[in-house]
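These are my notebook entries on a structure that I went through residue by residue. I record what I looked up and what I found.

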Amino acid sequence: MPADDSMANEPSWLTIGRELRAIAQIGLTFCRDPFDRQRYERMRELAASLIAQGAGQDSAAVLEEFRRDAGYATPKVDVRAAVFREGQVLLVREISDGAWTLPGGWADVNESAAESVVREVAEESGFEARAVKLAAVYDYRRRNRPHHLDSIYKMFFICALTGGSARASIETSDAAFFPRAALPPLSIGRATAQQIERMFQHAERPDLPTDFD
C-alpha cells in the first residue's frame, strides 16, 4: 500500500531537529574527546531549541527529555493487532483521547514483536489472540498524524481470535468489533482508516505480501 502523500509531509524543523538529536545522541555515546563531547552536547541543545520553537514547547523541557535517552539512536517499535470476528475488526477506545484504534502499543524488551502484540490485545481488550501474519511495517512519519518527536516503525499483525471477552483496562475504556463501513472516530496517531482497511484486505487475502515502506 503506497503512503498517502497528503499525510507524508512534515515540517522541516521536525525532520532536521530529529536527525540532529540522533547525531548528537550517537556522538555522545561513542566520543572520547572532551571537546567533541561539548560539541555534541551543544548540538543536542540546538536540536531541542529548534523542535521546541517549532512545536511551541519549552526548550528546557524538550532538552530534558532528550537527555533521558542514551546509546545508539534507533526508531521505536509500535505493534498493532488486527483481530477479526465475523467480518468485523476489534477496536479499543483510548482513555487518553476518547478515540478508537487497533489494540497495540510499544513493543517491550525481552518480547518478540508477535509476543508483544498478543500481550497488548489481552491487556487492552480482554480478548485472547494469536499472531498469524505480519501484514505491514509502516514508517509513522509517512502515514500517521499528529507529528511525533520520535522516529517510529509501526508493525501490523493479523491475529486469530482464540478466547476472552471484552473488558476495559487502565488505558482503554471499551473494546468492541466494528464493520469496515462503520468505523468509530479513530485515534489516527495509532491507526488510520486507510491502515485498518488494508488489514481487512490482508485478512481476506492471506496470500498478500507484507507491506513495507
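**Entry 1: S125**

I looked up S125 and found it in helix α5, which covers residues 113-125. Helices here are DSSP runs of H or I with at least four residues, strands are runs of E with at least two, and both are numbered from the N terminus. The side chain of S125 comes to 3.1 Å from the backbone nitrogen of F127. Beyond four places in sequence, S125 touches L90, V92, E120, S165, A166, R167 and A175; a contact means heavy atoms within 4.5 Å.

**Entry 2: basis of the values**

I note that this is a predicted model, in which local features need pLDDT of at least 70 and side-chain atom pairs count only at pLDDT 80 or more, while totals for chains, interfaces and linings use all residues. Residues are numbered from 1 along each chain as its sequence is written, and side-chain values use heavy atoms, with hydrogens and water left out.

**Entry 3: the whole protein**

I counted the elements next: the protein has seven helices and eight strands. Its C-alpha atoms fill a box of roughly 60 × 35 × 35 Å along the principal axes. Of the 213 residues, 40% are buried. I also looked at how far contacts reach along the chain: among those between residues at least 6 apart in sequence, 71% join residues at least 24 apart. The accessible surface comes to about 11100 Å², and 52% of this surface belongs to carbon and sulfur atoms; the areas come from the Shrake-Rupley method with a 1.4 Å probe, and for residues only the protein chains shown count as cover.

I then followed L102. Leaving out residues up to four places away in sequence, L102 touches R80, A81, A82, V89, L90, L91, V92, F156, A191, I196 and M199.

E94 belongs to strand β2. I record E94 as buried, because its relative accessibility is 5%. The contacts of E94 beyond four places in sequence are A99, T101, E124, E171, T172 and R190.

D97 sits in the loop between β2 and β3 (100-101). D97 counts as partly exposed, because its relative accessible area is 43%. Which residues beyond four places in sequence does D97 contact? They are S187 and R190. With the side chain of R190, the side chain of D97 makes a polar contact at 3.3 Å; such a contact is a pair of N or O atoms within 3.5 Å, where within protein one must be able to donate a hydrogen and the other to accept it, and residues adjacent in sequence count only if both atoms are side-chain atoms. A polar atom of the D97 side chain also lies 3.0 Å from the backbone nitrogen of A99. D97 and T172 are 75 residues apart in sequence, and their C-alpha atoms are 9.9 Å apart.

**Entry 4: H202**

I found H202 in helix α7. H202 is buried, because its relative accessible area is 1%. Not counting residues up to four places away, H202 touches K133, A135, I158, L208, P209 and D211.

**Entry 5: positive phi values**

Most residues other than glycine have a negative phi. I looked up two residues with a positive value. E86, in the loop between β1 and β2, has a phi near 50°. N110, in the loop between β4 (104-106) and α5, has a phi of about 70°. E86 is exposed, with a relative accessible area of 79%, and N110 is exposed, with a relative accessible area of 79%.

Technical notes. Buried means under 20% relative accessible area, exposed over 50%, partly exposed in between (1.4 Å probe, protein chains only).
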